[in-house]
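The following report describes selected local features of one protein model.

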Amino acid sequence: MSQVEKKAGLLRRTSSSKKPLKEKVVLMYDEIFAKEDPAKNNPRFWDELFLMKVNLEYLESKLESVDGEEVQRIQDNINSLFHHCVQALGEEHQIKVVNALQTLCALFRGVHQKNKSASGFDIINMLMGFDKAEQRMKDLMERLDSLLCGDGSESLKSLCLKLLLCLVTVTDNISQNTILEYVMINSIFEAILQILSDVSSRGQHGYDSVVLLALLVNYRKYESVNPYIVKLSIVDDEPTLDGMGMVVHHALTEYNRQYKDKEEENQGGFFSTLTSMVGSMFIADADEKLSVQTNEAILLALYEAVHLNRNFITVLAQSHPEMDIPTTPTTPTPTAPTTPLGTTPPSLDMMNNPELPLDPNLQTSNLLITFLKYASIVMQDTKDEHRLNSARLCLIILTCIAEDQYADAFLHDDNMNFRVNLHRMPMRHRKKAVDKNIPSRPLVCAVLDLMVEFIVTHMMKDFPMDLYLRCVQIIHKLLCYQKKCRIRLHYTWRELWSALINLLKFLLSNETTLLAKHNIFHLALLVVNLFNMFITYGDTFLPTSNSYDELYYEIVRMHQVFDNLYCMVLRVSTNVGQWKEPASKVTHSLVNVRAIINHFNPKIESYAAVNHISQLSEEQVLEVVRSNYDTLTLKLQDGLDQFERYSEQPKEAAFFKELVRSISLNVRKNVSLNTLSQDVLLKEFSTIS
């Protein structure tokens, strides 16, 4: 098919019998791609070009079709086009600014698409000329900064952000995008902060600004000093941090609402009736239908804020009445393309509204609660790569939070109680929790509930070892804080103990399969040491002496699991092999658990024999435990309340590199200049001379 036929939609036909005529702007593009300087015979060429409606598709395809020799031949004209685009951004005539922004986007995309294998220097040379690149990019960034911070049109600001997102994501790996060096030197960080701190501009542009910032922070973050990392880490301006939190909060709220809507939709009608008739045959199908596309970009922004900026931790806890984003749509921009669920910016009305209505009957919420609800959804199903990445990122964020002293203080604050309705995976052996039964408790209870929920619902063939390790480490960090501050948390600890024992049971049952892929002894050691934390320090943080009794009861009741674990690790540690050392560590860690079992079991059996009881009740076992503490001897174990602090580099570097690549591809796909249609923009500025 010829270029003309392919681009038939770009041409204007006069009649069926005549050859189609090219638009004037297409003819002008053709002049740029000719050898001669297009302004040689027409001094007003560039002025006229930016008054023409941009034909993005034709310009991009033209750039992509240029071969090696032609590049050299027309490089001066491409450099000139880039230069005049930047010049046009300073024009008072708004239509020229719109067309220049769109042309720049086509240039960045077209040149990169054509030259995927070329070095960054070659691309810079083709676009701007290497000797002039520094000045050209300085001028471009200054003009974009001026447009973003000025009092001009919101549509223009939006287009500037689209251009910047386009520039950042033109390469699959953003760290290979050499042009971004100039974006590091000529920072737009302050412009992004200004957008986030202002209620009105945040409503219009907050989402794109936060995503842009998250991507810029990840440019060569392990190779050189990234000014965006440095600047983000020291921001202490409250309105700015609050603004960033609001954007993330509303994006996650929108995701949660979409999921809830789909859940309710699936609970009604024929499908629900059929499911109840034939049991849980269709649960897998239901889960499939409930899938809402995750939003790793906004999660990455939350992570960078929590990880880099200690002041942002306060934003997590700021309470406000909990409101669902209204489902009644606001007047839509007629040009917005269809984007996948969960990736769209939240409702502008909600973003613009600085004062939420205060109703004493409304449940209060905050960013952390919304995040926990989001995490409870994405952590349900980790089979899909995006959801696995989201679950991992959620757990990394929670790891950072669990290590922060201020965050721990408000998580455990008994004066800050909330009802947090976490989503629970449908399972055959348990009923769906009723929202009204959820008690109002400190937020740490919801974090522990989330960890327990993950532990009991992911014991499967494709075992997510990495996620389990993170879950158990988060629990450990929270216990360390409780022990240190002597906080007696009123929590149903038995649910946690039961989940951990069942996890050990699963590891034992699937030893051969799991050892082919994972070091299960490391996870077993972490789990056993959680029990050691409770045994050694439980008297400092368990709520009552009864809780301590129940711990011993649970260990004795499930002694078979611990006995089997001991036999397994003893067997592995006495044989030569790769698991000898990690298995022997578990053997040593079981010393107190085994002491408890070996001490109380004979006493319980003796009590049953003396009293002629075949099966003791829980209360009778507890009575035996209480009356035999004095003769129990335990060993003091060192380092139980110590943990390795989270560090992104080097352990997490590969994960974040791949995550940013995935986000970049998704942003590139969704950031279309048609998000702000040319027709709408031209109509908006048609009255401006």
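Does H612 count as buried or exposed? At 74% relative accessibility, H612 counts as exposed, where exposed means over 50% relative accessible area, buried under 20% and partly exposed in between (1.4 Å probe, protein chains only).

This is a predicted model, in which local features need pLDDT of at least 70, side-chain atom pairs count only at pLDDT 80 or more, and totals for chains, interfaces and linings use all residues. Residues are numbered from 1 along each chain as its sequence is written, and side-chain values use heavy atoms, with hydrogens and water left out.

**Backbone geometry**

Most residues other than glycine have a negative phi, and most peptide bonds are trans. H612, although not a glycine, has a positive phi of about 55°; its place is in the loop between α31 (591-610) and α32. Helices here are DSSP runs (H or I, at least four residues), numbered from the N terminus. R220 is likewise not a glycine and has a positive phi of about 45°, and it lies in the loop between α12 (199-217) and α13 (227-234). A cis peptide bond, with omega about 10°, joins Q649 and P650. P650 belongs to the loop between α32 (618-626) and α33 (653-670).

**Confidence**

The average pLDDT, the predictor's confidence in each residue from 0 to 100, is 84 for the protein, and 82% of the residues score at least 70.

| Residues | pLDDT | Contacts beyond four places in sequence |
|---|---|---|
| 269-289 | under 50 | 14 contacts |
| 323-362 | under 50 | 73 contacts |

Where pLDDT is low, the predicted coordinates should not be read in detail.

**Aromatic and charged side chains**

Rings of Phe, Tyr and Trp (its six-membered ring) pair if their centres lie within 6.5 Å; planes under 30 degrees apart count as stacked, over 60 as edge-to-face and the rest as tilted. By this rule the count comes to 23 aromatic pairs. One of them joins Y552 and F600 edge-to-face, at 5.8 Å centre to centre with 90° between the planes. Y552 lies in helix α28 (residues 545-557) and F600 in helix α31, so the pair ties together parts that are 48 residues apart in sequence. Both Y552 and F600 are buried.

One aromatic cluster is formed by Y491, W493, W497, F534 and F541. W497 is also in contact with E550, as are R494 and L622, leaving aside neighbours of E550 within four places in sequence. E550 is placed in helix α28 and, at 24% relative accessibility, counts as partly exposed.

A charge sits over a ring if NZ of Lys or CZ of Arg is within 6 Å of the ring centre and within 35 degrees of the ring normal. K221 lies over the face of F656, at 5.4 Å from the ring centre, and K483 lies over that of Y537, at 4.5 Å.

**Helix α20**

Why is α20 described as largely enclosed by the rest of the structure? Twelve of its twelve residues are buried, so α20 is largely enclosed; among them are L367, K373 and V378. The expected span of a helix is 1.5 Å times one less than its number of residues. For α20 (residues 367-378) this gives 16 Å, which agrees with the 16 Å between its end C-alpha atoms. N366 caps the N-terminal end of α20, with a side-chain oxygen 3.1 Å from the backbone nitrogen of L368.

Note on methods
Helix = DSSP H or I, 4+ residues; strand = E, 2+ residues; numbered from the N terminus. Contact = heavy atoms within 4.5 Å. Polar contact = N/O pair within 3.5 Å; in protein donor to acceptor, adjacent residues only side chain to side chain.
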